[in-house]
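Hi,

Here is the structure I said I would pass on.

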Amino acid sequence: MRQAVLRKPQTFFLDREAPIPIPSNHEALIKVQQAGICGSDVHAYFGKHPFIHCPIVLGHEFVGIVEQCGDGTEELLGQRVTVLPSLACGRCPQCREGRYNICQTLKVIGCQAPGAFAEYVLVPKDRIFTLPHALDWDLGTLVEPLAVAVHAVRRAANIGGKNTLVLGCGTIGLMTTYVLAAYGAGTITAVDYEAARRTLAESMGANKTLSPDQPLQKPIHTAFECVGIAQTTNQAIACIEKGGEIVILGVFEEDVSVNMGLVQDKELSMLGTLMYTDSDYAEAIRLLDANPGAVRQLITHRYDLDQIDDAFQFLASRPSEAIKVIIRP
Ligand SMILES: [Zn+2]
Ligand SMILES: [Zn+2]
């Protein structure tokens, strides 16, 4: 089979003769239809991801068809599916509480195990989610980033009727906007430098969009930081009302200095959030099945597997045009 191996930063090797993997008893073999490029894949491509190391086959947002189950069962064969890519241990204290996303020895398909920028990928059978009829391949590919937003919004105490702020309108910020609208948040304000992304945020359900230099209308109760830098974190700390919450989705490339004095004085809650659980994945599928809204518009570009270097270079260099870029093996 063909697979794209990231051998070292900015260097994919298209291996055309990799053996098709053989599923063990608890695994299934998926024939990959398509896979999205995630922000974390871009970090890894440039050698800047702390937990993804070369050589690796990236790709954790994918859809495909079940081709074979290691235990010989047939009920999943031929099904259109997406896969929750976490490989949790199931035994540590966090796993035993059902918080598989923060398993002490968490590995992720496409991050620490071979991923879906390949013709076939092996997955644990119990991580498979069958796609309902209404979810075509594109919507199915967007379940994974949507589940990140579902988990983040569920981390906040109670969003109903509350004014919310989304800082950063990349895929995750846009998905967060969509979930906030679906859950009946009050005014949703989305902030981004790029006008094209602000327009997308409006179609995803933002009531107001601003560029970072424009003044915010208060009060705001809950902020979602979807960039991973000091500036947006401090903006959230400064603008939310006393007793409010900040949910941190951004991936920080470096340590930052933030105004902890205000966190203390305003009795703010700061909540980290990582990936998702099974129930977040099921909820993401349910939301898309009920009303996909403008979610499909997040897919802006498509590349074949043998153009994967071009896809990554394009995504990194054109943030105003590229939101979700799809690779087709
Ligand atoms: Zn991702
Ligand atoms: Zn665990």
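Predicted model: local features only at pLDDT ≥ 70, side-chain atom pairs only at ≥ 80, totals over all residues.

Residues are numbered from 1 along each chain as its sequence is written, while chains are lettered from A and ligands numbered from 1 in the order in which they are written.

**Domains**

The chain splits into domain 1 (3-134 + 292-328) and domain 2 (146-272), with bounds that come from an automatic or database domain assignment. Their centres, taken over C-alpha atoms, are 27 Å apart. Where they meet, 14 residues of domain 1 are in contact with 14 residues of domain 2 (contact means that C-beta atoms, placed from the backbone, lie within 7 Å). On the domain 1 side, helix α1 (residues 39-45) supplies the largest share, 3 residues. Helices (H or I, at least four residues) and strands (E, at least two) are DSSP runs, numbered from the N terminus.

**The core**

The largest nonpolar core has 92 residues, and F117, L146 and A149 touch the most other members. Such a core is a set of buried Ala, Val, Leu, Ile, Met, Phe, Trp, Tyr and Cys residues joined through C-beta atoms within 7 Å. Buried means 20 or more other C-beta atoms within 10 Å, exposed 12 or fewer, and partly exposed in between, with C-beta atoms placed from the backbone. Helix α4 (residues 143-155) gives the most to this core, 8 residues. As for A149, it touches I172, M175, T176, Y178 and V179, leaving aside residues up to four places away in sequence.

**Sheet and hairpin**

There is an open sheet of 6 strands with parallel pairing, in the order β12-β11-β10-β13-β14-β15 (two strands pair if DSSP finds at least two bridges between them). β12 (208-210) and β15 (269-272) are at the edges with a single partner strand each, so one side of each has no neighbour in the sheet. From one strand to the next, the twist averages 20 degrees. Axes here are lines fitted to C-alpha atoms, for helices over the stretch in contact, and angles run from 0 to 180 degrees between N-to-C directions. Inside the sheet, 4 bridges join β10 (residues 164-167) to β13 (residues 220-225), and L165 has A223 as its bridge partner. Helix α5 (residues 171-182) packs on the sheet, touching β10, β11 (188-191) and β13, and its direction makes about 175 degrees with that of β11.

Elsewhere, β1 (residues 3-8) and β2 (residues 11-15) run antiparallel, joined by 5 bridges, and L6 stands opposite F12.

**Backbone details**

Which residue in the β1-β2 hairpin takes a positive phi? That is Q10, with phi near 65 degrees, and Q10 is partly exposed. M275, in the loop between β15 and α9 (278-290), also has a positive phi, near 50 degrees, but M275 counts as buried. Finally, the peptide bonds from C54 to P55 and from K218 to P219 are cis.

How values were computed
Contact = placed C-beta atoms within 7 Å.
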